[in-house]
Amino acid sequence: MNPQVHAGFDPVTRTVSYVVYDQPGGHAAIIDPVLDYDPKSGRTAAAAADRLLTFVHEQRLTLDWIIETHAHADHLSAAAYLQRQLGGRIAIGDRIGGVQRVFKDIFNLEPGFATDGRQFDHLFADGDTFAIGRLQAQAIAVPGHTPADMAYHIGDTIFVGDTLFLPDVGTARCDFPGGDAATLYRSIRRLLSHPDHTRLFMCHDYPPEGRAPQWQCTVAEQRAHNIHVHDGISEADFVQLREARDATLAMPVLILPAIQVNIRAGQLPPAEDNGTAYLKIPLNLL
């Protein structure tokens, strides 16, 4: 059975969140939801998440899962907010503990912050299968952008997270802690080994001038046209291209607040003794 897919594009972070469901009145998963964040004031809001919530209500869906492809560096996760509104289990790949250990040190988080992924309701291992109502899904480990990236294969679709962008944009960066361009190349070839007609759904789009945002293509289109990793590009050539490009990239605008929230499954840091939660800014470190 193939899923029905509703996409919500956030123009501020260029993130695409998805409601994946079996049928109206049936069961659903939300993938990579965005919590609005204003870096000037430090205020959060839920406009993007509420649009997903409204769709779920309009379609009379029961939310089974809230799924993250990885601990994002470019937006805060609305997983905890949506779970409070709709229920469902928050899930991520089982290598998240390694990411948590790195960033616990970087942010000098509280001693009680666990680095075994327990903040999430479920951790997917490579190859794990799960159900979304009548839909059957499988987790696919796709490290490289980060060590803990996971894609999700559901019917004739794969939600690829940050491994791939549309063919005219290319592939994800690999210069975050634990990232590796050669590993990303192998992960992408694994995704592109699926049948040509398989629909691939991106987590972001940064369109070139003159093209409106898009987020869906096929395996065949990626293999023929991806500017970084089309058929015929060797691993060595990709690594050289990717590492040279990464050396020119600035840090994402929201990496410091986003990581601190996203490794907590979308929860804000614990409030301090004055009742206020704080995010940390490490100086001269990244």
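So, Trp65, Phe124, Phe130 and Tyr152 are joined into a cluster by ring pairs. Keep in mind that this is a predicted model. The aromatic pairs come to 13.

Let me pick out phenylalanine 159 and phenylalanine 201. Their ring centres sit 5.1 Å apart with the planes at 15°, so that's a stacked pair. Phenylalanine 159 belongs to strand S13 and phenylalanine 201 to strand S14, so the contact ties together parts 42 residues apart in sequence. Both of these phenylalanines are buried.

Now, phenylalanine 165 with tyrosine 206. Here we've got centres 5.6 Å apart and planes at 85°, so call it edge-to-face. Phenylalanine 165 is in the loop between S13 and helix H4, tyrosine 206 in the loop between S14 and strand S15, and they're 41 residues apart. Phenylalanine 165 counts as buried at 10% relative accessibility, while tyrosine 206, at 36%, is partly exposed.

On to the charges. There are twelve salt bridges. One of them pairs arginine 264 with glutamate 110, 2.8 Å from N to O. Arginine 264 is in the segment after helix H7, and glutamate 110 is in the loop between helix H3 and strand S9, so this bridge ties together parts 154 residues apart in sequence. The arginine 264 end is buried at 8% relative accessibility; glutamate 110 is partly exposed at 27%.

Last one: arginine 211 and aspartate 205, with the closest N and O atoms 2.8 Å apart. Aspartate 205 is buried, at 0% relative accessible area. Through shared partners, salt bridges join Asp168, Asp205 and Arg211 into one network.

Definitions and conventions: Residues are numbered from 1 along each chain as its sequence is written. This is a predicted model: local features need pLDDT of at least 70, side-chain atom pairs count only at pLDDT 80 or more; totals for chains, interfaces and linings use all residues. Side-chain values use heavy atoms; hydrogens and water are left out. Rings of Phe, Tyr and Trp (its six-membered ring) pair if their centres lie within 6.5 Å; planes under 30 degrees apart count as stacked, over 60 as edge-to-face and the rest as tilted. Helices (H or I, at least four residues) and strands (E, at least two) are DSSP runs, numbered from the N terminus. Buried means under 20% relative accessible area, exposed over 50%, partly exposed in between (1.4 Å probe, protein chains only). A salt bridge is a side-chain nitrogen of Lys or Arg within 4 Å of a carboxyl oxygen of Asp or Glu.
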